[in-house]
Amino acid sequence: MTRHLLPIALAAAVAFPALASAADIQPAPRIVVSGEGEATVAPDMAILSLSVMREAKSAREALDANNDAMAAMIAAMKSAGIAERDLQTAGIQINPRYNYINKTDGSQEAQLVAYQVTNTLSVRVRDVDKTGEILDKAVSLGVNQGGGITFTNDDPKPTITEARKKAVADAMAKAKTLAEAAGVSLGKVLEITDQNIAPAPMPMAAKSFDAARSAVPVQAGENSYNVQVTVTFELK
């Protein structure tokens with residue numbers, strides 16, 4: 001072997017045992033547990049989805065009628081204390097409506113009857129106690145579709161933090177129980193992941209609007225915020 005290759009051969013001889021010993025090192029034993037935490041809070045905001053539908057012989061006439069009704073409703077919302085930033089157009093649809101006539105040959109003939117224009121407004125009501133009053137006012141001004149209500153919180157972070165703490169405590173309690181049952185001890189926490197589960201929307205049927213004669217009775221209840229965590233512990 002030439003002299004200039006000797007240092008390389010020596011380096012390889014040293015490196016291979018080191019690599020072999022590193023491969024023999026097993027990862028430290030660990031345990032993975034999940035925990036759940038829940039915290040509740042009364043909602044402080046309602047989000048309403050209110051739709052106005054108008055029908056006319058032409059699309060232009062239907063749109064004009066819808067514009068008038070929606071403008072009146074927006075003005076009423078503002079007069080009731082709803083801020084400009086809490087009013088948002090969620091969608092406008094223009095659809096033809098047909099009657100289908102059966103013909104003697106078994107086919108159908110479509111006859112255009114009218115055009116329908118639907119304008120949907122999303123309204124954030126920051127005073128939950130006024131939700132029924134706002135709904136009643138909206139129906140009186142021509143809202144005849146929609147009816148979705150979501151009770152939520154403007155700042156749910158403190159409640160989520162409480163739920164997160166409960167979830168971690170739950171995971172740690174589970175891990176301790178499992179470790180004691182297995183005759184081992186818990187080491188340091190190696191990893192924590194979490195997942196927030198927001199409360200689901202609470203829908204309100206459109207037929208409730210048809211029967212509205214006074215302020216619509218609305219129960220806000222409580223919002224439940226859930227957090228799930230996965231915690232990995234080292235075992236000793």
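Reader: In what order do the elements of the chain run from the N terminus on?

Author: This is a predicted model, in which local features need pLDDT of at least 70 and side-chain atom pairs count only at pLDDT 80 or more, while totals for chains, interfaces and linings use all residues. Residues are numbered from 1 along each chain as its sequence is written, and side-chain values use heavy atoms, with hydrogens and water left out. Helices (H or I, at least four residues) and strands (E, at least two) are DSSP runs, numbered from the N terminus. The chain has five helices and eight strands, and the order of its elements is α-β-β-α-β-β-α-β-α-β-β-α-β.

Reader: Which strands stand at the edges of the open sheet of three strands?

Author: Two strands pair if DSSP finds at least two bridges between them. The sheet has the order S1-S8-S6 with antiparallel pairing. Each edge strand has a single partner strand, so one side of each is left without a neighbour in the sheet; these are S1 (30–41) and S6 (186–197).

Reader: Over how many bridges do S1 and S8 pair?

Author: Strand S8 covers residues 223–235. In S8, glutamine 228 is the bridge partner of glutamate 36. The antiparallel pairing of S1 and S8 extends over 12 bridges.

Reader: Is tyrosine 98 buried, partly exposed or exposed?

Author: Tyrosine 98 is located in strand S3 (residues 87–102). Buried means under 20% relative accessible area and exposed over 50%, with partly exposed in between (1.4 Å probe, protein chains only). At a relative accessible area of 37%, tyrosine 98 is partly exposed.
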